[in-house]
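Hello,

Here is the structure I promised to pass on to you. Have a look at it first, and then read on for my notes.

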Amino acid sequence: MNMCYIIFASSMPLMLSSFGALLSDCALRLAIFIDGIINLSAFLCFAFTIRFASLAAGCLLAVILCIALIAFCLLLTEAFHADPFLIALSLNITASALVSYLSSIMFSTRGVLTNKAFTFDAQNARNATALAAFSILVIASILLMKTRGGLYLRLCGDCGNVEEARGITSRRYIALDWIYSGLFAAITGCILAIRLSSFVPNVSSGMGYLSCAIVYMARSISRPMSKSKGGTGYTLLFSLFAIVLLLSAINIIASRVQNVYKNVMPYFLLAMPYLASLVLLAVIGQSRYNHGN
Amino acid sequence: MNLYWIGKIIDSACILMFAAAGDALALTAGEYNLGGDGQIYASAFIAAITLNAAKSLPPFIALLAALIAAVICAGGMALVSAGMKVYRGVDILISTYLLSSALTPIIDSLVAGRFRGKGNLLATSFIDTAFSSPRIMMPSPLTLASLTAPLLCIAVSFVLSRGEIGKRIAIAGVSNDFADYAGLKSIKVSSMAIVFAAAMHAVAGYVMVIGTYRSCISGFQNGVGWSAFTASLIARRRVIKVIPACLILSIVITLSSRYTLTHLIGFDVASLIQGITIAIIAVEDARRRK
């Protein structure tokens, strides 16, 4: 039971970012920026918490600023009809560089940042953030699956023409999908920073790209199983959660392996999530669909 | 500006040219190769250990063997991605990135562990001076091997523009369906393009070992793949335009690094410039398409 809870708690950040990636995939605009936004949000959460001596303020400001940055990039994309993939890539790289810039300006270092005002009990931090993330996911899933707005968000990519024919502005929901992806990425960043009680450069460690891969895998599993052959249904959602739990379990097992087999190279364990995703992708395959405008 | 910085600019531009030419080719075929960093690192590592193992061989044979080994290594990585696309429908964008991210820490551990040379560097042993490319602008790291980059770009561009293979790649990149209906098997054409792109990254890694660094240093490939990708976007996916694009990018990145060093600025200027450059390219591309 303890192991199950550990896997559940450790999977929450990846679960959140994968949910965000799923939303961007519904809009057929891959959110390559998730990685960068996680790093930026983690840093801003740390910086603002220290500045205002309030964790709530730190998290809120971090999320707001990240969303503002994504909204600005959206404006660029829409105003100039720019390639959303390139804009997302640019945002990813710029967000990571911004972290380096702000860190050197505010704290005179690009390395690990710690502060007494940003120290939390490890157990309590893990439990609280797991509970918060789980609550957010449950609410978000219900809103996505049960509300009209959620339906429009799910269909704006694949069935944008249908929405337009019904008088619904699909472009608005495509933009909202991106904003919500950023929101989940920002929350993930805050959670990672709180769990570490510090800011660590590149804290995301490829979580954004992993989330995109998880969405691909979830689509491949769910497509033959679902009654409708398109869109986002319960099957896709549960497939996503199942894959995240599986990968988290593999991660936990990998970190435990070192206690048993002392000769295992630590760097091999770092590669484990990527290798596991590759193997899963190779086994499951990927359903053919567009992922960009 | 002294000889060191001028040579450094040209040297890093040439290394970028190898990788960017490959990326431009992949983009022409409609694929994104996001695993450039890992391909460069893996091929550089293989080249370094091959040269260290082949000390008794004549230089020409050893260098050729190292080049072939490096190309096979990176080509093998791309073949895995291409195979996953052909047989499992997995996007090359994701598979190249995941494979590169998976291999990088493994190579880090090999460089820092089993294949680590003597001394304090986290690097393989320095290669024999007989295998090193001669430096031509001391004290800069510019070597003769680096200067083959523009020639290779011109050769590749010529083959693509005049040869049938170039037409196939371009058609497959514009429209997969049209290419398939014309009997071109777009999936195999784009897979071939990706393998060739990886081979070009292998050459970049090889030149870094025999030229600039004389060994494979842990993490020395960081950012080279992404810079090459940025350069290929600046070059609007045209291989010949990669030459000025890499020069411009190299000037910007090297001079900003120099500014960072001399003015004790602590942040990653190069990534900031890359990010903004890609955004400008995306907007410019859209304006041109109008």
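A question to start with: in which helix do Arg168(B) and Glu164(B) both lie, and how many residues apart are they? The helix is α6 of chain B, residues 164-174, and the two are four residues apart, about one turn of the helix. Please keep in mind that this is a predicted model. The side chains of Arg168(B) and Glu164(B) meet in a salt bridge, with 2.7 Å from N to O. Glu164(B) counts as exposed at 53% relative accessibility, while Arg168(B), with a relative accessible area of 29%, is partly exposed.

Over all chains, the count comes to five salt bridges. In chain A, Arg29(A) and Glu78(A) form one with their side chains, at 3.2 Å from N to O. Arg29(A) lies in the loop between α1 and α2 (34-52) of chain A and Glu78(A) in helix α3 (residues 55-80), so this pair ties together parts that are 49 residues apart in sequence. Arg29(A) counts as buried, at 8% relative accessibility, and Glu78(A) as partly exposed, at 22%. Arg171(A) joins in here as well: Arg29(A), Glu78(A) and Arg171(A) are linked in a network of salt bridges.

Back in chain B, the side chains of Lys85(B) and Glu31(B) meet in a salt bridge of 2.4 Å, N to O. Because Lys85(B) is in helix α3 of chain B and Glu31(B) in the loop between α1 (3-28) and α2, the pair ties together parts 54 residues apart in sequence. Both Lys85(B) and Glu31(B) are buried.

Lys85(B) also has a part in the helix packing. Helix α3 (residues 59-88) of chain B packs against α4(B) at an angle of about 140 degrees, the axes being 9 Å apart, and the crossing is right-handed. On the α3(B) side the contact is made by Met77(B), Val80(B), Ser81(B), Met84(B) and Lys85(B); among the α4(B) residues are Ile92(B), Leu99(B) and Leu103(B). The residues of this contact divide into six nonpolar, four polar and one charged.

Helix α4 (residues 92-112) of chain B packs with α2 (residues 36-53) of chain B too, at an angle of about 35 degrees and with axes 8 Å apart. That crossing is left-handed. From α2(B), residues including Tyr41(B), Ala42(B) and Phe45(B) meet α4(B) residues including Thr104(B), Ile107(B) and Val111(B). Here the contact residues are six nonpolar, five polar and two charged.

Two buried residues of chain A may interest you as well. Met15(A), in helix α1 (residues 2-26), counts as buried at 5% relative accessibility. Leaving out residues up to four places away in sequence, Met15(A) touches Leu137(A), Phe241(A), Val244(A) and Leu245(A). Ser248(A) is found in helix α10 (residues 234-260) of chain A and counts as buried at 5% relative accessibility. Beyond its neighbours within four places in sequence, Ser248(A) is in contact with Ile7(A), Ser10(A) and Ser11(A).

Last, the interface. How much area do chain B and chain A bury between them? The value is about 3,500 Å², with 76% of it on carbon and sulfur atoms. The contact takes 44 residues from chain A and 38 residues from chain B. Across this interface, zero salt bridges are found.

Best wishes

Methods. Residues are numbered from 1 along each chain as its sequence is written. Chains are lettered from A and ligands numbered from 1 in the order in which they are written. This is a predicted model: local features need pLDDT of at least 70, side-chain atom pairs count only at pLDDT 80 or more; totals for chains, interfaces and linings use all residues. Side-chain values use heavy atoms; hydrogens and water are left out. Axes are lines fitted to C-alpha atoms, for helices over the stretch in contact, and angles run from 0 to 180 degrees between N-to-C directions. A crossing is left-handed if the near helix is turned anticlockwise from the far one by less than a right angle, and right-handed if clockwise. Contact means heavy atoms within 4.5 Å. Ala, Val, Leu, Ile, Met, Phe, Trp, Tyr, Cys and Pro count as nonpolar, Asp, Glu, Lys and Arg as charged, and the others, Gly among them, as polar. Buried means under 20% relative accessible area, exposed over 50%, partly exposed in between (1.4 Å probe, protein chains only). Buried area is the accessible area (1.4 Å probe) that two parts lose on being put together, summed over both. A salt bridge is a side-chain nitrogen of Lys or Arg within 4 Å of a carboxyl oxygen of Asp or Glu.
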